[in-house]
Amino acid sequence: MFISRWNRGLRVRRMGDMNAMPTRTEMHHAFLDSDPTYNGVFFTAVRTTGIFCKPSCPAKKPLPENVEFFGTAREAVFAGYRPCKRCRPLEAGGAPDWVRKLLELVEQSADKRLTDGDLREADIEPARARRYFLKEYGMTFHAYCRGRRMAGSLQQIRRGADLDDVILGNGYESHSGFREAFGRTFGKPPGASRDAECLVTAWIETPLGPMIAGATEQGITLLEFTDRRMIETQLAVLRKRFGCPVLPGESPHFAALKAELAEYFAGRLRKFTVPLVYPGSPFEEQVWNALLEIPYGETRSYEQLAQRVGKPGASRAVGSANGRNRIAIVIPCHRVVNKDGQLGGYGGGKWRKEMLLELERTRGQGALPFGGVGL
């Protein structure tokens, strides 16, 4: 088995340092070697060009003093760097091969708990998985697996499955252990949860970077770029609005959303039809409904949007409501611009707003390759 310098470094790193990036020397050597095993571990930014790349980028290497390293693409974007057009650090497929292998292992092991021993048998260092999941998804790998099992358990219970089958089929060895974990997650015992709600989330890779999608049984409730500053706030709002936990899981709405996003980025879809659920204040819902009326390929100013909702002179309030939209692209808040035609703000970054508007303006002539559902 090939062992990268990163794996060797993990073996000698102190446990308290597992969330730290590799040393600068280690990252610099990996960048010089264009080592793909470090993709997803860190990103390299070049001060003289304002561009950031994957470690494996084949472009000409800059002088060491012009190089800066970041733990996430989000950090690089907020530091003012643009994604490299050659290695496309935000594009689908950015996850390392070992992460894809790990996710496949999760899907194949739905009826058992994965241990650190299982990961080592698959040539995956547990500490590396822990660090990657914490950095990219805000939870440890084992927490992700527990969330998946809990979300799956609730769906089975709501379909009327026998409790014994649910417990054994999700890797729990005892009723008491399952009941305790279930109660901590949902606030009620399994037997009283036939009508309980759960908001499930999944990662969707897109040409403009990964997005997190959320859904209830009724429809899509969330679609945000994972590097958006407000993503934690949006998740907190969803928990409060729906009064239920947010867990990683599966939903038929994700398959529909993925298919429509693929058509959209290919320039073939003008209007989304996937069911949406977007509760807010009466004013927020007015604004979001007005956003859905803006035709593909067109824009409206904040002033025009204020007039449309019957609140002329309330452009700032409209702008705030626009910024609180939780379902990017599908509810097209990117189509709202300044009165003078300038882009204005966008939670996902102005460069993404510009690319979305250009895609629509050219009616798909600048179509972008699409990935798929990740976590």
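Just after helix α15, arginine 363 takes a positive phi of about 55 degrees. Helices and strands here are DSSP runs (H or I of at least four residues for helices, E of at least two for strands), numbered from the N terminus. The model is predicted, so local features need pLDDT of at least 70 and side-chain atom pairs count only at pLDDT 80 or more, while totals for chains, interfaces and linings use all residues. Residues are numbered from 1 along each chain as its sequence is written, and side-chain values use heavy atoms, leaving out hydrogens and water.

Which residues of α15 are buried? They are Arg352, Lys353, Leu356, Leu357, Leu359 and Glu360, where buried means under 20% relative accessible area with a 1.4 Å probe, protein chains only. Seen down the helix axis, these buried residues fall within an arc of 155 degrees, so they line one face of α15; the arc is taken from the directions from the axis to the C-beta atoms. They pack against β7, α11, α13 and β10, contact meaning heavy atoms within 4.5 Å.

The largest nonpolar core has 43 residues. Such a core is a set of buried Ala, Val, Leu, Ile, Met, Phe, Trp, Tyr and Cys residues joined through side-chain atoms within 4.5 Å. Helix α11 gives the most to this core, with 5 residues.

Key. Buried means under 20% relative accessible area, exposed over 50%, partly exposed in between (1.4 Å probe, protein chains only).
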